[in-house]
Amino acid sequence: MIYRVKQFFQGLTAKLYEEDLHFINQYLTSQEQNLFFQLRKSEQRHSINVAYGCKIDAPNNLALIKAALLHDVGKIGSNLTLINKAFVVLSDKMNLKPSVMPSFLKEAMYYKINHAKLGYELLLKLGLQEKVLVLVKNHHKENIANVKEMEILQHYDNLY
Ligand SMILES: [Fe+2]
């Protein structure tokens with residue numbers, strides 16, 4: 001819970017710096033950047049932090065770093081604001097049934113559950129490399145065999 005509170009306040013003050021923009025330029029094409037910058041600022045910050053972590057563990061793995069930057073693009077256009085994310089976490093903890101959820105919460109839940117697949121579909125249209133697609137599509141699944149990069153991506157995704 002303390003982690004969630006910390007994440008909430010980090011999200012409120014999320015910023016991008018010159019070095020972040022340079023990093024994004026290095027790893028994303030202009031089409032990919034166009035998607036990236038449609039994410040909320042807090043999601044952009046999270047994705048950059050995940051990508052920096054992946055780069056430390058696997059500096060030459062371009063597919064992994066690209067996937068880290070793009071893993072949450074399925075949240076574009078969602079209503080997963082910081083406050084709605086807090087509601088999602090609370091209703092998860094309370095085991096709330098969809099039938100009693102207000103519609104904004106149902107929508108937020110939909111994006112929480114489906115954003116990996118939605119992101120995969122967006123990136124598929126851009127013709128990204130298979131490895132990137134697999135990482136994005138499955139980044140919330142457990143026990144994905146034969147994708148060694150997944151462990152690194154999930155580690156940093158859970159950290160930030
Ligand atoms: Fe995600």
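Visitor: Is His-115 buried or exposed?

Guide: Keep in mind that this is a predicted model. Relative accessible area under 20% means buried. His-115 has 3% relative accessibility, so it counts as buried.

Visitor: And how does His-140 come out, buried, exposed or partly exposed?

Guide: Partly exposed, since its relative accessible area is 48%.

Visitor: Which residues hold the iron ion?

Guide: To read a metal site, look for the protein atoms that sit around the metal. Here the donors are Asp-72 through OD, and His-115, His-139 and His-140 through NE2. They lie 2.2 to 2.3 Å from the iron ion.

Visitor: What is the geometry of that site?

Guide: Irregular: the angles among the 4 donor atoms run from 85 to 173 degrees. Along the chain, the donor residues follow the spacing D-x42-H-x23-H-H. His-115 belongs to helix H7, while His-140 sits in the loop between helix H8 (130-137) and H9, so this pair ties together parts that are 25 residues apart in sequence.

Visitor: How do I find empty space in a model?

Guide: Roll a probe the size of a water molecule over the atoms, and you see where empty space is left. In this model, the largest pocket has a volume of about 1200 Å³.

Visitor: What lines the largest pocket?

Guide: There are 39 lining residues, and Tyr-3, Arg-4, Gln-7, Lys-75 and Lys-85 lie nearest the centre. Helices H1 (2-12), H4 (41-57), H6 (82-93), H7 (103-125) and H9 (148-159) each give two or more residues to the lining. H1 gives the most, with 7 residues. By class, the lining has 14 nonpolar, 13 polar and 12 charged residues.

How values were computed. Residues are numbered from 1 along each chain as its sequence is written. This is a predicted model: local features need pLDDT of at least 70, side-chain atom pairs count only at pLDDT 80 or more; totals for chains, interfaces and linings use all residues. Side-chain values use heavy atoms; hydrogens and water are left out. On a 1 Å grid over the protein atoms alone, a cavity is a set of points where a 1.4 Å probe fits but cannot get out, and a pocket is an open set with protein on both sides within 12 Å along at least five of seven lines; lining residues have an atom within 4 Å of a point. Grid points are joined across faces, edges and corners, and a volume is the space filled by probe spheres set on the points. Helices (H or I, at least four residues) and strands (E, at least two) are DSSP runs, numbered from the N terminus. Ala, Val, Leu, Ile, Met, Phe, Trp, Tyr, Cys and Pro count as nonpolar, Asp, Glu, Lys and Arg as charged, and the others, Gly among them, as polar. Donors are N, O and S atoms within 2.8 Å of the metal (3.2 Å for Na, K and Ca); water is not among the atoms, so sites may look incomplete. Four donors count as tetrahedral if all angles lie between 85 and 135 degrees; four count as square planar and six as octahedral if opposite donors are over 155 degrees apart and all others between 65 and 115; anything else is irregular. Buried means under 20% relative accessible area, exposed over 50%, partly exposed in between (1.4 Å probe, protein chains only).
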